Amino acid sequence: MTPLFEDLAGTWEARRSIRGFRPEPIERATLSRLFEAVQHAPSWCNVQPWRVAITEPPVTGELAAALQQAARSGLPHPEVPFPLEYPSPYKERRIACGAALYQAMGIAREDKAARYDAWLRNYALFDAPHLAVVACDRRLGPYAYVDVGVWLGYVLTAAAALGIDTCPMASIAAYPEPLRARLPIADTDVVLFGLVLGHADDQAAANMCRTTRDPATACVSFVQS
Ligand SMILES: Cc1cc2nc3c(=O)[nH]c(=O)nc-3n(C[C@H](O)[C@H](O)[C@H](O)COP(=O)(O)O)c2cc1C
């Protein structure tokens, strides 16, 4: 294996979602460097359909306040439907993911109030200094979402390589109105997900969460005959 592969594999293994941030922002020049670099992500016919608005303080905090109010007072209504059910094996993986987070946070499965508070932490943006709201032109159809997913993988990898902590956040797409009221999101775009960026608060219990992966053979098969 090449040194580049070893570096990438190590970066992917070390990266994890962070759900408790320190307040200090990341310099604009560093964020610009990151998002310039990941423009090299490939896309169908090179259409580059990701459309991204990145907040800096104090706008991030203002949006967090508006999102928390929306989440407390209304049902989720994302512009791209969330899954309604998770058949096996996705259900088991989803349950294990939630259990790992609640265990890290010291929340018992039957403690509904604590689970609600943990869910609301999404809308406080985990106290991150930056939120990138990621949208995509709805006229391009679902394959453009694939492009945006490829781009997200680049962003997560590049951020990790730069020592920037992140958490992708579909949850914020459940309440698009506060995002549309404050950010330049075209009527022709759909809000897909958010991505918080900053530096981890090492004291935050949620950051002790570790997820696992099935072996590749659970998802990938080689076909010879
Ligand atoms: C598209 C996408 C949306 C996600 N949305 C959320 C979210 O709203 N809230 C959250 O806490 N984590 C969210 N995550 C993080 C996943 O839960 C996390 O990636 C997964 O459990 C694996 O853990 P790891 O990132 O620490 O390796 C999201 C991840 C992706 C890729």
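Guide: A residue is called buried here if its relative accessible area is under 20%, exposed if over 50%, and partly exposed in between, with a 1.4 Å probe and protein chains only. The model is predicted, and in it local features need pLDDT of at least 70 and side-chain atom pairs count only at pLDDT 80 or more, whereas totals for chains, interfaces and linings use all residues. Residues are numbered from 1 along each chain as its sequence is written, and side-chain values use heavy atoms, with hydrogens and water left out.

Visitor: What kind of aromatic pair do the rings of Trp44 and Tyr143 make?

Guide: Rings of Phe, Tyr and Trp (its six-membered ring) pair if their centres lie within 6.5 Å, and planes under 30 degrees apart count as stacked, over 60 as edge-to-face and the rest as tilted. The structure holds six such aromatic pairs. The rings of Trp44 and Tyr143 have centres 4.8 Å apart and planes at 55°, so this pair is tilted.

Visitor: Is Tyr143 buried or exposed?

Guide: The deciding value is its relative accessibility, which is 55%. Because exposed begins over 50%, Tyr143 counts as exposed.

Visitor: Are Tyr123 and Tyr175 buried or exposed?

Guide: Tyr123 has a relative accessible area of 2%, and Tyr175 has a relative accessibility of 1%. Because both values fall under 20%, Tyr123 and Tyr175 count as buried.

Visitor: Which residues are the closest to the ligand?

Guide: A residue is near a molecule if one of its heavy atoms lies within 4 Å of it, and 14 residues surround the ligand. By class (Ala, Val, Leu, Ile, Met, Phe, Trp, Tyr, Cys and Pro are nonpolar, Asp, Glu, Lys and Arg charged, and the others, Gly among them, polar), this shell has six nonpolar, four polar and four charged residues. The largest share of the shell, three residues, comes from strand 4 (residues 165-169). The closest are Ser17, Arg19, Asn122, Ala170 and Ser171.

Visitor: How much of the ligand's accessible area does the protein cover?

Guide: Oxygen atoms of the ligand lie 2.6 Å from a side-chain N or O atom of Ser17, 2.7 Å from a polar side-chain atom of Ser171 and 3.1 Å from a side-chain N or O atom of Thr211. On its own the ligand has 620 Å² of accessible area (from the Shrake-Rupley method with a 1.4 Å probe), and the share of it that the protein covers is 70%.

Visitor: Which residues does Ser171 touch, not counting residues up to four places away in sequence?

Guide: Ser171 has its place in the loop between strand 4 and helix 7, and at 14% relative accessibility it counts as buried. With contact taken as heavy atoms within 4.5 Å, Ser171 touches Asn122 and Tyr123.

Visitor: What is omega for the peptide bond from Pro57 to Pro58?

Guide: Most peptide bonds are trans. Pro57, in the loop between strand 2 and helix 3 (59-73), is partly exposed with a relative accessible area of 43%, and it touches Pro25, Pro129 and His130, not counting residues up to four places away in sequence. The bond from Pro57 to Pro58 is cis, with omega near 5°.

Visitor: What is the phi of Phe126?

Guide: Most residues other than glycine have a negative phi. Phe126, found in the loop between helix 5 and strand 3, is buried with a relative accessible area of 4%. Its phi is a positive value in a residue other than glycine, near 55°.

Notes:
Polar contact = N/O pair within 3.5 Å; in protein donor to acceptor, adjacent residues only side chain to side chain. Helix = DSSP H or I, 4+ residues; strand = E, 2+ residues; numbered from the N terminus.
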